[in-house]
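Hi,

Here is the structure I said I would pass on. Have a look at it first, and my notes come after.

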Amino acid sequence: MTDSVQRLYAAVLTARTRDPARSRTAKLIREGVPKMAKKLGEEAIEVGIEAVQNNRPAVVRESADLLYNLVVLWSELGITPGEIWREMDRREELYGIAEKLPKPRRGGERIAFLDGEAAERDRGSEAQQPALLRGKHG
């Protein structure tokens, strides 16, 4: 998959200079980041709707649209697929491939563990917080 995303990214970079009347990518880029972000959100919602309806073929199609719009946004922000893969690798080292970074919650912190369990912690002294939440990444 990384090769496909890299090829898509290269194609998006090439399409940036095309005539917006003939290139959907060039038109989207010309419309700017707010439009790109809107399209990305719309595609994510469409994936979710199709998933709820258990429409597997539509989820596949909408997921491809979602990835396309994500790559267009990356290109505009100067983010390369390699940066994303490095972040994925970093997270895998910390949490495992199927986990994401824990997010703080109002009034406490929700800490996700690799086995899917979670624990609540009161916001206490920095010494009581896990190193990751203090910004000390390994």
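Predicted model: local features only at pLDDT ≥ 70, side-chain atom pairs only at ≥ 80, totals over all residues.

**Salt bridges**

The count comes to 6 salt bridges.

- K27 and E31: their side chains meet in a salt bridge, at 3.3 Å from N to O. Both residues sit in helix α2 (residues 24-31), and because they are 4 residues apart there, about one helical turn separates them. K27 has a relative accessible area of 44%, so it counts as partly exposed. E31 is partly exposed as well, at 36%.

- K38 and E42: this salt bridge has an N to O distance of 3.8 Å. The setting is helix α3 (residues 33-52), where K38 and E42 are 4 residues apart, which means a separation of about one helical turn. K38 comes out as partly exposed with 49% relative accessibility, and E42 is partly exposed with 28%.

- E87 and R90: here the closest N and O atoms are 2.8 Å apart. Both residues belong to helix α5 (residues 81-95) and lie 3 residues apart, again about one turn of the helix. Relative accessibility is 26% for E87, which makes it partly exposed. R90 is also partly exposed, at 25%.

**Helix α4**

The other thing I looked at is α4, which covers residues 56-77. How far does this helix of 22 residues reach from its first C-alpha to its last? The span is 31 Å, close to the 32 Å expected at 1.5 Å a residue.

Which residues of α4 are buried? They are A58, E62, Y68, N69, V71, V72, L73, W74 and S75. If you are wondering what they pack against, the partners are α1 (2-15), α2, α3 and α5. So when you turn the model around, you can follow α4 by its buried residues and find contacts to each of those four helices.

Have a look and tell me what you think.

Cheers

Methods:
Residues numbered from 1 in each chain as written. Heavy atoms only, no water. Salt bridge = Lys/Arg side-chain N within 4 Å of Asp/Glu carboxyl O. Helix = DSSP H or I, 4+ residues; strand = E, 2+ residues; numbered from the N terminus. Buried < 20%, exposed > 50% of the residue type's maximum accessible area, 1.4 Å probe, protein only. Expected span 1.5 Å × (residues − 1). Contact = heavy atoms within 4.5 Å.
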